[in-house]
Amino acid sequence: MRDLDTIRADLPALASFAYLNTGTAGPLPAPVAEAMQKAVGEDLQRGRISGKRFVKIDQLYTDTRAAFAELLSIDAEQVALTSGTVDGLEIALAALDLEPGARILTTSIEHPAAITALESHCAANGIGIDTVEIGQTDTDGDIVACIADSIGDATAALLVSDVAYGTGRRLPIEQICALTRTRGLRTIVDGAQAVGAREIDCVRIGADYYALPGQKWLMGPEGAGALAVSKSSLLQRNIETAQSLERGSRSKPVWAGMLAALSWRKALGTEAEIEQAIAARRRRLVAGLDGLSGVTIVTPDAADGLVVFSIMGRAAPEILESFGAERLAVRDIPGTNTVRVSCAVFTSDAELDAVIRVVSSLAAAPISAEAGS
């Protein structure tokens, strides 16, 4: 795998601050920006109506589907290009083609944007929604059992995250998909916080639809993503390729950038090596935070690149302000008073140590009467 200094040299944004929010959007690698600029320059100089241009764009899409397929361990025919995770979820929901009166099961830890898409689809099609409450202390077995117990006669599908955005918890997604298959349900998985943070095998996972973005852990441009469709789902819809599910127009510069991002990532090392590097960074941060008085780590051991925590007596905005003063870019999880740090393949030990210092200082500082009230 490439050494850390070489990786960081391709990421100019790292010169300005510690980039610790890849779970929202990763920094653009220089080769990605260059590919996008080249695409814009071609259109500027040559116009946008040439037949050769459209042939080139079609090949760009074909190459990008193939790159996503390799990343997800599936065939290129199973990849639909999307504008992001929510677009993929919406395409998957529509592809279920459920009758009015059917019900879709989801969980209490889904991303708000995913829930909004689900609610909109269901309201427009006369479909009901049931929610499984997932607690912080629930084991993998508890989660699978709760989902099993929540499946009713009208339940037709499940929408669930691979990794919870608000806690960083890795859900037992293979077990969940195995359960839904045996119960005759179709499963849509939100892979936004998993793809790029760990090695993904969509065949092994077993979901009917697996949606992902390009701008987070894959560090591509905004406005690009993919939807992996199982072969059984293609057969069910009587279509040969997932390309049939794609919708809307696409930007040549965006997709030139997305292909460049996938190529840049492949050159870093294997997916297993990238996963191991991210896991090592996460372990370093957890080890530094663990045991600090007043600090509660929300993220369980079974996690990928996210670490979520709270500090007793400190509101999230105050914590974010302290991080910002040290040029450390993190985020909070609204409504939970927790802060989330993304440990990426490019994250340095010095940056993680800086996080630990800030948290330690906040945890040790006296709490004012106003803050504690």
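Me: Which residues of H2 are buried?

Reply: In this predicted model, the buried ones in H2 are Val32, Met36, Ala39, Glu42 and Asp43.

Me: Where do they sit around the axis of H2?

Reply: They are on the same side of H2, because the arc they cover around the axis is only 120 degrees.

Me: How many residues does H2 have, and what does it reach end to end?

Reply: H2 runs over residues 30-46, 17 residues in total. From first C-alpha to last it reaches 24 Å, close to the 24 Å expected.

Me: What follows H2?

Reply: Gly47 does, with a positive phi near 80 degrees.

Me: Back to the buried residues of H2: what covers them?

Reply: The cover includes helix H3 (51-72) and helix H10 (252-268).

Me: OK, new topic. At what angle do H3 and H10 pack, and how far apart are their axes?

Reply: The angle is about 35 degrees, and the axes of H3 and H10 are 10 Å apart.

Me: Left-handed or right-handed crossing?

Reply: Left-handed, as H3 passes H10.

Me: Which residues meet there?

Reply: From H3, they include Ile57, Leu60, Tyr61 and Phe68. Among those in H10 are Trp255, Met258, Leu259 and Leu262.

Me: How does the contact of H3 with H10 divide into nonpolar, polar and charged?

Reply: Its residues are 11 nonpolar, one polar and six charged.

Methods. Residues are numbered from 1 along each chain as its sequence is written. This is a predicted model: local features need pLDDT of at least 70, side-chain atom pairs count only at pLDDT 80 or more; totals for chains, interfaces and linings use all residues. Side-chain values use heavy atoms; hydrogens and water are left out. Helices (H or I, at least four residues) and strands (E, at least two) are DSSP runs, numbered from the N terminus. The expected span of a helix is 1.5 Å times one less than its number of residues. Buried means under 20% relative accessible area, exposed over 50%, partly exposed in between (1.4 Å probe, protein chains only). The arc is that of the directions from the helix axis to the C-beta atoms. Contact means heavy atoms within 4.5 Å. Axes are lines fitted to C-alpha atoms, for helices over the stretch in contact, and angles run from 0 to 180 degrees between N-to-C directions. A crossing is left-handed if the near helix is turned anticlockwise from the far one by less than a right angle, and right-handed if clockwise. Ala, Val, Leu, Ile, Met, Phe, Trp, Tyr, Cys and Pro count as nonpolar, Asp, Glu, Lys and Arg as charged, and the others, Gly among them, as polar.
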